[in-house]
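Subject: Structure handover

Hi,

Here is the structure I promised to pass on. Please keep it open while you read my notes below.

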Amino acid sequence: MALPKYVQQNVFTPAEIEFISEYEQITILPLQRMETLTLLEGTYGPFRPPITIKVPLWLAVTLKKKHKCSIQPPKWLNIDTLKKKKQKEESLETFSDLPYHYLEISTILLDCASDDIPYSDEIKILLKDIQEIRKRKTKSGLDLINSNNIQLDNLGLMEINEIRPFFSKAFNDMRKLEEVLPNSQDSQTTQSFNTSRNSAY
Amino acid sequence: MSSGFSLDEDEGNYFDLDDILAEQQKMQISFNVDIPGLGFLENNPGGPLHKNEKVLMPYWIIMCLTLIPLSDDGNIFELNYPKCFNKQCLNQLIADPTTVNLYQLCPYYYQLGYNLLNVAQDSFSLSEILYNAFRKRIPLIMNYSQQVHISKEKAEFLRGLDESERQLYKIGCESVLSMKKWINREYGTLKIAKSLNKSRLIL
């Protein structure tokens, strides 16, 4: 009970999700000649300027902040793809197949490397729209839920994490009420319990 | 309270304060026999509690009473449905679950209904009504937990939430808030505590 709220509810904080997503690989273009970087977590390099190289996102961000590289945005993070995704998202009932960490990666990149992404302002707005549409879909999905399953294909980690505490509690409460429904298993066991108690005397 | 720690499904969560409070909710029962020594319950201290006299008992006592058998094939008591589960309230719940003020009826409405069904017969298909009502109310709770501004309907609805729904609403609000914090990049930045700032001004 003395634990922080988010530990009690078995969820990550958004900052923790961001930390996890920083291990995604991303392509960078070094701006300086650098020898191999030997770090606790791994070895990266050597960096030779015209040759692109794949590094984890956190390293890319650090190098970018020191103006030692420019980041090549992932394939899906450009204005045309996102426009198509938005259209798909609007026309279809299902979620479009954006990467699992799309929200985190795009936020990080737009935060520190917006000069490397063409039309970054439009992309920001597009992403916001997509996020809103997806949110509306999860909400409308709530109308049809039963306590057995829920279909959430292609939902990103951050989005899942946002609805996780609410959904899991709602499901647990609902399952509890379902236990006493006449045709569920549990009520049968309690009934047999009652009859056995009565018949014993 | 978190609901991850349950010792026994039927007994509820032993350490859950809400479960304990829900078990304190009283129901009306009448005994089928005279009970010696319990006369104080009907303002007759020292005497026996008479047969068929209606008394209010918390659920946790009733639960134990179901285990006491009577010789001629019946329970030691008759249970009356609590007021909040009478025909009128249930009809309201069937008609429009989202406008009923559950908190006013009983702060632990669903839990009480669940408990009741564990000791009594389900005479008005109560379980189904409760289940459907909960299902219909969830989307609205989710919706309202993501809205910032307060409208009249929202305030009205929130006042009518029962205790478990209130927790749901709170959880929803919290996760929305933490997302907002993250999007505005308020995580991971160190700030001076307000109290420290003040003391610096005094010095």
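UniProt, in an unreviewed entry, places the feature "domain: GINS subunit" at residues 88–183 of chain B. UniProt positions follow the numbering used here, feature names are shortened, and annotations may be inferred rather than shown by experiment. The end C-alpha atoms of this span lie 47 Å apart, and the span is 76% helix and 0% strand. Helices (H or I, at least four residues) and strands (E, at least two) are DSSP runs, numbered from the N terminus.

Some ground rules. This is a predicted model: local features need pLDDT of at least 70, side-chain atom pairs count only at pLDDT 80 or more, and totals for chains, interfaces and linings use all residues. Residues are numbered from 1 along each chain as its sequence is written, while chains are lettered from A and ligands numbered from 1 in the order in which they are written.

**Chain B**

Chain B as a whole has 9 helices and 5 strands. Their order along the sequence is α-β-β-α-β-β-β-α-α-α-α-α-α-α.

Of the 203 residues in chain B, 23% are buried. Buried means 20 or more other C-beta atoms within 10 Å of the residue's own, exposed means 12 or fewer, and partly exposed is in between; C-beta atoms are placed from the backbone.

Helix α5 of chain B (residues 109–119) is largely enclosed by the rest of the structure, because 9 of its 11 residues are buried. Among them are B:Y109, B:Y110 and B:L117.

B:K181 sits in helix α8 (residues 163–183) of chain B. B:K181 is partly exposed, because it has 14 C-beta neighbours inside 10 Å. B:K181 and B:I61 are 120 residues apart along the chain, and their C-alpha atoms are separated by 47 Å.

**The cores**

A nonpolar core is a set of buried Ala, Val, Leu, Ile, Met, Phe, Trp, Tyr and Cys residues joined through C-beta atoms within 7 Å. Which residues touch the most other members of the largest core? They are A:F166, A:L177, B:L130 and B:F134, out of 39 residues. Elements giving two or more residues to this core include α7 (157–179) of chain A and α6 (126–146) of chain B. The largest share, 9 residues, comes from α6(B).

Leaving aside neighbours within four places in sequence, B:F134 is in contact with A:D173, A:M174, A:L177 and B:Y110. Contact means C-beta atoms, placed from the backbone, within 7 Å. Another core, of 25 residues, lies apart from the largest one, and its members include A:A60 and A:I123.

**Helix packing in chain A**

Helices α2 (residues 14–21) and α5 of chain A pack at about 85°, with axes 9 Å apart. Axes are lines fitted to C-alpha atoms, for helices over the stretch in contact, and angles run from 0 to 180 degrees between N-to-C directions. α2(A) and α5(A) are therefore roughly perpendicular. Angles of 65 to 115 degrees count as roughly perpendicular, under 35 as roughly parallel, over 145 as roughly antiparallel and the rest as oblique. A:I17, A:E18 and A:S21 of α2(A) meet A:E104, A:I105 and A:I108 of α5(A).

Best wishes

Conventions. Two residues are in contact if their C-beta atoms, placed from the backbone, lie within 7 Å.
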